[in-house]
Amino acid sequence: MSERKVLNKYYPPDFDPAKIPKLKLPKDRQYVVRLMAPFNMRCKTCGEYIYKGKKFNARKETVQNEVYLGLPIFRFYIKCTRCLAEITFKTDPENTDYTMEHGATRNFQAEKLLEEEEKRMQKEREEEELNNPMKVLENRTKDSKLEMEVLENLQELKELNQRQANVDFEAMLKQYKEYEEEQKRKEQEEDEQEMKAMLEEAQNRRLLVDSDSDEESAKSCTKPVAKIKPTDILQEEPQPPCKKLKTETWERSVGKLNTKSQLAGLVTVRKQKPGPALANGTENHGTTANTGSFPTATGTTSSSLGLLGAYSDSEDSASD
């Protein structure tokens, strides 16, 4: 089976390549190529700016009778993007650049102009030195002076660099770090002192408030002085009533033990009803019955007092 894409072709045995007719194409024929603008330019017709790198479909041709060291020079034709005016430029192999020919002006070529000016001055100097030996001597003295100035400036720069090199940056950083630590320590000490002063001030205020409250309570509880005249009471301001002192917790729950009125409320004497047999009895039997009830009452009183004392002791121990 034969190949689908054949690379080799069949040449018959009587093939003669000299008999093949040659196409006679013109030397200045043009080709359509795709290129980018090699530099910034401005159209002379409409003033449109064409920036470097803009793409165009250009026509390319070889310039006749212009060659540099055997290298041909090419010319390119493009059209303005706004007014469609024709712009032409060609290659410059001598300066490895492009030169503008027609239709636009090149922008931002100050560096190129400076280089051209330097080359022109160098060429004129060489021409003067060829015909005038004194000019050669003057140029050499100027060059030597310029070289000495450059060396002096270079030496100054070296000395300046050496001065900066002698600076120990690590020591500077260490010193700055120590200074920061000392500042932090001072700030902490100041904060602690302020906190202590505030605490002392608050404690003093609390003590003053407590003492003032005690004095006010003592003053308010003092008895008013007896009035000489009955009308004096109408002229003076009324005094606030005396506040009772706060009772202890165990006194609230149990009460005071030394007062008889509270004990009388706790102890009750149970009266005995006389029976039918004793109704017709003598007075002595009645007196003995009444006196017999007192020991029971006194016994209950002593037992209740013992219970109250034990309860008060337990309350005191719990409060402590």
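In this predicted model, the largest nonpolar core comprises 15 residues, and those with the most contacts inside it are Leu 35, Met 41, Ile 50, Ile 78, Ile 87 and Phe 89. Two or more residues of this core come from each of strand 2, strand 4 (55-68), strand 5 (71-79) and strand 6 (86-92). In soluble globular proteins, nonpolar side chains tend to be buried together.

Leaving aside residues up to four places away in sequence, Met 41 touches Glu 48, Tyr 49, Ile 50, Ile 78, Ile 87, Met 100, Ala 104, Thr 105, Arg 106 and Asn 107.

An open sheet of 3 strands shows the order 3-2-8 with antiparallel pairing. Its edge strands, each pairing on one side only, are strand 3 (49-50) and strand 8 (104-106). Strand 2 (residues 41-43) runs antiparallel to strand 8 and is joined to it by 3 bridges. Arg 42 stands opposite Thr 105 in strand 8. Strands of a sheet pair through backbone hydrogen bonds, either parallel or antiparallel.

**Cysteines**

The count of disulfides is 0. For Cys 46, the nearest cysteine sulfur is that of Cys 83, at 3.5 Å, and Cys 46 is in no disulfide. Cys 83 likewise is in no disulfide, with the sulfur of Cys 46 as its nearest cysteine sulfur at 3.5 Å. A disulfide requires two cysteine sulfur atoms within 2.5 Å, and the separation here is 3.5 Å. Cys 46 counts as partly exposed at 26% relative accessibility, and Cys 83 counts as partly exposed at 30%.

**A buried aspartate**

Asp 92 lies in strand 6 and counts as buried, with 13% relative accessibility. Its side chain makes a polar contact with the side chain of Asn 95 at 2.8 Å. Asp 92 also touches Asp 97, Tyr 98 and Thr 99, not counting residues up to four places away in sequence.

**Salt bridges**

The structure holds 14 salt bridges. Side chains of opposite charge can pair when their charged atoms come close.

| Pair | Closest N and O atoms |
|---|---|
| Arg 82 and Glu 48 | 3.7 Å |
| Glu 86 and Arg 59 | 2.5 Å |
| Glu 129 and Arg 125 | 3.3 Å |

The salt bridge between Arg 82 and Glu 48 links distant parts of the chain, 34 residues apart: Arg 82 is in the loop between strand 5 and strand 6, and Glu 48 is in the loop between strand 2 and strand 3. Arg 82 is exposed, with a relative accessible area of 58%, whereas Glu 48 is partly exposed at 25%.

Glu 86 forms a salt bridge with Arg 59. Because Glu 86 lies in strand 6 and Arg 59 in strand 4, this pair ties together parts that are 27 residues apart in sequence. Glu 86 counts as partly exposed at 36% relative accessibility, and Arg 59 counts as partly exposed at 28%.

Glu 129 and Arg 125 are 4 residues apart in helix 1 (residues 110-131), so about one helical turn separates them. Glu 129 is partly exposed, with a relative accessible area of 26%, and Arg 125 is partly exposed, with 27%.

Beyond these pairs, a network of salt bridges links Glu 61, Glu 66, Arg 75, Lys 90 and Glu 101.

Terms used:
Residues numbered from 1 in each chain as written. Predicted model: local features only at pLDDT ≥ 70, side-chain atom pairs only at ≥ 80, totals over all residues. Heavy atoms only, no water. Pairing = 2+ DSSP bridges. Buried < 20%, exposed > 50% of the residue type's maximum accessible area, 1.4 Å probe, protein only. Core = buried A, V, L, I, M, F, W, Y, C linked by side-chain atoms within 4.5 Å. Contact = heavy atoms within 4.5 Å. Polar contact = N/O pair within 3.5 Å; in protein donor to acceptor, adjacent residues only side chain to side chain. Salt bridge = Lys/Arg side-chain N within 4 Å of Asp/Glu carboxyl O.
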